[in-house]
Amino acid sequence: MTLARRLFLLVGVVATAAGFAVVAGVSLGLELTDIFLGLVAALAALQGLRYVQRRRETPMNTTVTGDPEARVAVPIPGSDFDDDLVSAMGRHTHWAARKRVVDRLESRATQALVARDGRAPEEAAALLDTGGWTDDPVAARFLGASVSIPLRQRVRLFLSGQSSLTDRAGRTVAAIERIGTDDDSTGERR
Amino acid sequence: MSRGFDTERWTGLDGLVLVAAGAGVFTREASLLLAAGLGVVVLGYVRVAAIPEVSLRIERDLSDATPDPDDEVEVTLRVTNEGSGTLFDLRVVDGVPPALGVADGPARLGTALRPGATATATYTVTAVRGEHAWDETVVVVRDPSGAVESRETVSAETTLRCEPELAATADLPLRGLTSKYAGRVETDVPGSGLEFASIREYRHGDPIRRIDWNRRARTGELATVEFREERAASVVLVVDTRPEAHVAPGDEAETAVERSVDAASVAFSALLDSGDSVGVAAFGPDECWLAPSSGADHRARARRLFATHPAFAPTPPDGAFFPSVAVRRLRRRLASDAQVIFCSPLVDDYGVSVARRLEAYGHAVTVVSPDPTTTATIGARLARIERDLRLRELRRSGVRVLDWGDEPLGVALARAEAGWSR
Amino acid sequence: MSEITRKPTRTGTAMALSVAGLTTFTLGFTTSTAAVGGLVATVALAAGLFRGSRRIVDAAGGLFFLSLLFAGATGAGTEALLLAALGSILAWDLAENAHSVGEHLGRETDTLRLELVHAAATLVVLAVGAAVVYGADRAAAGGQPITAVVLLLVGVVALVTVVTR
């Protein structure tokens, strides 16, 4: 016990004893004014509020129990790409992640054009540059082609709120899925 | 009183007591002072809070300690207070093995326990292949006011062993996996085959059947006939157990590694039945190698290996892994004419390069690839495209690929065989 | 089943809200403002329990305290106020415990015995405490001089400071 604690204990015991003595009718010759009373009350309330405030600053201490009932969690394939998409929209890792997203989609589009559509690698690269690999101007633009999006579609995109990076990446993935399936006419679906 | 830690649960009550008392003095209302007095009593209660010495014994009973896969096993957890004090607030979380999922009822228990009393919790787990040991049980003890808490662990050894039979699944046309290279491999080593090779002088211990009795009659010498030795094709099942292969299409779904091990164990049995000499290897941080062989003992060894070897555990490994070292080691172990069946989900490019390198070294490679991809997210759809591109690349370079989706393995194999035998 | 529901338990929620309702009822015997305060506090407690927010549960406790303070300052009867104080502390304690048990064991676990024992322990301590305080007040009945009150307050402040860890 520290010295301060002992002192408080002493004061506490003495004051409580004196209080009970007064209750019992013993006169200790103490006179108390209203001002003194108010002062004591204010001090008590002030100290009290400080203690209450301490609760807000003190985090609860408790054991955290795990989830042994669940099987060990393994990722689903492609979760790394989803993570990249999230951090591409974050503040700090913005550019690096965005580049990873675009680079990965670009190389998959090229591979798909070669493997599924039977194009030569140079031909595939040229198609990506011109945007001729897909009917979806959003996907074409996302992989670097300077295709203009028709005004009507642009308004529709704006209204449907599909202009975020995630939506553009999603449309690009859909466009790559369609490579080599002879189903190139669905550029404006959704 | 030194046991446990302060939860800070009642922090701030002292402040409220002071505020109430101050208000009581200021307004000269006795009732507020009484309320403050009640608060002081609670503070005293919190102050004396303590946890008795915790001494618990736990026991666990399994309704079946050696179940078949997908069987539901009922687990009964019994917690007994062996200490001398009552535990007013006892919270128990059992250490269910990470690879097992609880099908019914939480593996938890909350109660108050007198000395000598026992509390019971029952829950059900779904068995999956493997040897699963229970982790230690976490116990949270609090004093009745909740001001002091203590975390303890208790353990009781319990193991659930699920070793599926390596049943000869007759409906699987697995012979096709090696049919492209089928046939016995004939060697130039003299031994005990069918085709005549040479005659040499008799050595002690040669079988009487192989003594050349004509020569004995003619010349009186003992000689032994030797035939060309015949060796069955050896097939090695390589399972991709790298951390990358531990993926699944959903939280409760089978992981790609579990399906790969399934495929390998089915193939093992079928190939062994058709007379091949079969070996097993894991391509991952945990090393595992069973040299090609045959026979009942070998089958039992493989069964145990698939079920209990840590390399084939359904939980992702955490050791360091150097894939190029592992490829070299695998190559050294493979006989030059060994065929390889590589079970891998092919969710990254390295799986492809392993298959291509083994093929390039002259082994006939067949890839059995369980498909773990979904269309749930953009990334998942991209992963499905990427895997499709990898399968195409492998097929183009001459590797046979079995793309195994949700259908039974036999169905996938029959479909793939139709393509192979074109 | 994969993960437990880490929300305040139903048993604890039911007990805490019942006690909060009774407390509000008791506050009704003081002043109408305090009763309204108690009602708001009960609603806040319910919100905190359904949302699973410890902060809202604490805020509900604070609202109960303010209602008590108001009732006391406007001359509430000693018995009603003491009873309401008992109820407020019990309601908050049960709610917080329901939260804690829910976090550790989830709603799926049978925690009836655990929570009943906890409620009983707190109730016994509060009842004994209230009886002692009330008894002391009765014993000293007859308008004790304010000097005694102040001395006792100083004593309480000092002792609380010692007791506080």
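What share of the contacts in chain C with a separation of 6 or more comes from residues 24 or more positions apart? The share is 76%, where a contact means heavy atoms within 4.5 Å.

This is a predicted model, in which local features need pLDDT of at least 70, side-chain atom pairs count only at pLDDT 80 or more, and totals for chains, interfaces and linings use all residues. Residues are numbered from 1 along each chain as its sequence is written, chains are lettered from A and ligands numbered from 1 in the order in which they are written, and side-chain values use heavy atoms, leaving out hydrogens and water.

Start with chain C. It holds 6 helices and 0 strands. Helices (H or I, at least four residues) and strands (E, at least two) are DSSP runs, numbered from the N terminus. Of the 165 residues in chain C, 56% are buried, meaning under 20% relative accessible area with a 1.4 Å probe, protein chains only. Chain C exposes about 6,600 Å², and carbon and sulfur atoms supply 69% of that area. The areas come from the Shrake-Rupley method with a 1.4 Å probe.

Now take one helix pair. Two packed helices are described by the angle and the distance between their axes. In chain C, the axes of α1 (residues 10-27) and α2 (residues 32-51) come within 8 Å and cross at roughly 170°. Axes are lines fitted to C-alpha atoms, for helices over the stretch in contact, and angles run from 0 to 180 degrees between N-to-C directions. α1(C) is therefore roughly antiparallel to α2(C), the term for angles over 145 degrees. Residues making the contact include C:Ala16, C:Leu17 and C:Ala20 of α1(C), and C:Gly38, C:Leu39 and C:Thr42 of α2(C). By class, the contact has 11 nonpolar, 5 polar and no charged residues. Here Ala, Val, Leu, Ile, Met, Phe, Trp, Tyr, Cys and Pro count as nonpolar, Asp, Glu, Lys and Arg as charged, and the others, Gly among them, as polar.

Chain B brings in a sheet. Its 6 strands form an open sheet in the order β16-β15-β14-β17-β18-β19, with mixed pairing. Strands pair if DSSP finds at least two bridges between them. β16 (289-293) and β19 (400-404) of chain B each have a single partner strand, so one side of each lacks a neighbour in the sheet. The twist averages 15° from one strand to the next.

Within this sheet, β14 (residues 234-240) and β17 (residues 339-343) of chain B run parallel, joined by 5 bridges. B:Val238 stands opposite B:Phe342 in β17(B). Helix α5 (residues 256-273) of chain B packs on the sheet, and its direction makes about 170° with that of β14(B). Helix α6 (residues 296-308) of chain B also packs on the sheet, touching β15 and β16 of chain B.

Notes:
Parallel < 35°, antiparallel > 145°, perpendicular 65-115°, else oblique. Buried < 20%, exposed > 50% of the residue type's maximum accessible area, 1.4 Å probe, protein only.
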